[in-house]
Amino acid sequence: MAGVLWAVGVGLGVAVLVVIGSLPGHDPARTSRALVIAAGAFTTFAIPAALVTVGFFVVRRARAQGRDT
């Protein structure tokens with residue numbers, strides 16, 4: 001589950017940069033806006049992915065120590 005969230009977050013961030021970068025016309029602030037949007041898209045998936053990753057390791061450690069319920 002965590003791997004899927006990380007992959008979607010990175011893929012979506014890259015896709016946003018590619019799509020915005022390929023838009024026609026000249027916009028001097030396009031790069032900064034594209035980075036903000038891509039960072040937001042990545043963060044949307046990175047925060048839950050980080051929580052799932054931490055949870056996975058906590059559960060794994062608890063099972064290794066025999067404390068699982």
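Trainee: Which helix gives the largest share of the nonpolar patch?
Mentor: In this predicted model, the largest share comes from helix H1, residues 2-21, with four residues.

Trainee: Which residues make the patch?
Mentor: The patch is made by Trp6, Val10, Val14, Val18 and Phe42, and its area is about 420 Å².

Trainee: Take Val18. Where is Val18 found, and is Val18 buried or exposed?
Mentor: Val18 is found in helix H1. Its relative accessibility is 53%, so Val18 counts as exposed, the cut-off being over 50%.

Trainee: On to aromatics, then. How many aromatic pairs are there?
Mentor: The count comes to two aromatic pairs. One of them joins Trp6 and Phe42, with 6.3 Å from centre to centre and 40° between the planes, and this pair is tilted.

Trainee: How many residues apart are Trp6 and Phe42?
Mentor: They are 36 residues apart, with Trp6 in helix H1 and Phe42 in helix H2, and the pair thus links distant parts of the chain.

Trainee: And why is the pair of Phe56 and Phe57 called edge-to-face?
Mentor: The ring planes of Phe56 and Phe57 stand at 70°, and edge-to-face requires an angle over 60 degrees, so the pair takes that label. The ring centres are 5.3 Å apart.

Trainee: How accessible are Phe56 and Phe57?
Mentor: Phe56 is partly exposed, with a relative accessible area of 48%. Phe57 is partly exposed too, at 47% relative accessibility.

Trainee: What is Ala41 in contact with, leaving aside its neighbours within four places in sequence?
Mentor: On that basis, Ala41 is in contact with Leu12 and Val16.

Trainee: A change of topic: Ala2. Is Ala2 buried or exposed?
Mentor: Ala2 counts as buried, because its relative accessibility is 15% and the cut-off for buried is under 20%. Ala2 is found in helix H1.

Trainee: What does Ala2 touch, not counting residues up to four places away in sequence?
Mentor: Ala2 touches Ala49, Val52 and Thr53.

Trainee: And how far apart are Ala2 and Val54?
Mentor: In sequence, Ala2 and Val54 are 52 residues apart; in space, they are 9.4 Å apart, C-alpha to C-alpha.

Trainee: Last item, charges. How many salt bridges are counted?
Mentor: The count comes to one salt bridge. It is formed by the side chains of Asp27 and Arg33, at 2.0 Å from N to O.

Trainee: Why does that contact qualify as a salt bridge?
Mentor: A nitrogen of Arg must lie within 4 Å of a carboxyl oxygen of Asp or Glu, and the N to O distance between Arg33 and Asp27 is 2.0 Å, so the contact qualifies. In general, side chains of opposite charge can pair when their charged atoms come close.

Trainee: How accessible are Asp27 and Arg33?
Mentor: Asp27 counts as partly exposed, at 29% relative accessibility. Arg33 is likewise partly exposed, at 44%.

Definitions and conventions: Residues are numbered from 1 along each chain as its sequence is written. This is a predicted model: local features need pLDDT of at least 70, side-chain atom pairs count only at pLDDT 80 or more; totals for chains, interfaces and linings use all residues. Side-chain values use heavy atoms; hydrogens and water are left out. Buried means under 20% relative accessible area, exposed over 50%, partly exposed in between (1.4 Å probe, protein chains only). Patches are made of residues with over 30% relative accessible area and no salt bridge: like charges are joined within 9 Å, nonpolar side chains (Val, Leu, Ile, Met, Phe, Trp, Tyr) within 5 Å. Accessible areas come from the Shrake-Rupley method with a 1.4 Å probe; for residues, only the protein chains shown count as cover. Helices (H or I, at least four residues) and strands (E, at least two) are DSSP runs, numbered from the N terminus. Contact means heavy atoms within 4.5 Å. Rings of Phe, Tyr and Trp (its six-membered ring) pair if their centres lie within 6.5 Å; planes under 30 degrees apart count as stacked, over 60 as edge-to-face and the rest as tilted.
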